[in-house]
Amino acid sequence: MTDRCNLQCIYCYNQGYRESTDKLQELDMDTLQQLLDDAAELSVKSVVFTGGEPLLRRESIEAANYARKLGIKTTCLTNGSLLTRRAGEAAKAFDQIVVSFDSWVAEENERIRVGCQPERISTGIRDMVESGVDVTIRPVITKHNVESMAGFPEWAERELGCTSFQPAPLLTDKRGRYRPARLLAQPGELPSGETGLQAGTENLG
Ligand code: SF4
């Protein structure tokens, strides 16, 4: 939906674009509706709205509402920072919300996802869960959060009521050029055995 973003995550491969003010790069509502009409005609079942940070644009909510009217399932992939502000609308517009939230330890989250306010994101997730939205927490595993990862699913269920947990690896950009090796967790550092991490990922089916 947009390259713009209100955070500055240390592994972001969108760094050159996230502060762009060139809205001409963003699809307008008419075009979005046309795309969704085409998708429905092609029997597309599900669409993911992402960015940048998709909730920076009101059109993400409008387009998701439009998609749902066409019978398309909607997912929002978000950094979670605007969920509290858009709680009511987002709960109605999206079937699923996937929140990039890297650690239950606030200092780790702040160090990785620079500019985030972990408490605020937690409140947004709680609001969504209480509204009955299917929420998945999707941390990106780096060397900065790998040690605390095992305790994350249990914390998320206890503190946020969220039982869906889907850790993601640190990826390269589309052209395979940007790979911040200094941030990668080494295989030996990943939790093993009967950990909360495994339990959490198994919940996802
Ligand atoms: S939330 Fe996504 S787009 Fe925004 S800074 Fe982080 S990685 Fe980049």
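Which residues in H2 are buried?

1. A word on the model. This is a predicted model, where local features need pLDDT of at least 70 and side-chain atom pairs count only at pLDDT 80 or more, while totals for chains, interfaces and linings use all residues. Residues are numbered from 1 along each chain as its sequence is written.

2. The buried residues of H2 are Ser60, Ile61, Ala63, Ala64 and Ala67; buried means that 20 or more other C-beta atoms, placed from the backbone, lie within 10 Å of a residue's own, exposed means 12 or fewer, and partly exposed is in between. They cover an arc of only 170° around the axis, which puts them on the same side of H2; the arc is taken from the directions from the helix axis to the C-beta atoms. On the other side of H2, Arg58 and Lys69 are exposed.

3. What lies over that buried side? The cover includes helix H1 (29–41), strand E2 (46–49), strand E3 (73–78) and helix H3 (87–93). Helices (H or I, at least four residues) and strands (E, at least two) are DSSP runs, numbered from the N terminus.

4. Just after H2, glycine 71 has a positive phi of about 85°.

5. Now to the loop between strand E1 (8–9) and H1, where you will find glutamine 25. Glutamine 25 is exposed, with 11 other C-beta atoms within 10 Å. Leaving out residues up to four places away in sequence, glutamine 25 touches Asp3 and Ser20 (contact means C-beta atoms, placed from the backbone, within 7 Å). Its C-alpha atom is 7.7 Å from that of threonine 2, 23 residues apart along the chain.

Methods. Two residues are in contact if their C-beta atoms, placed from the backbone, lie within 7 Å.
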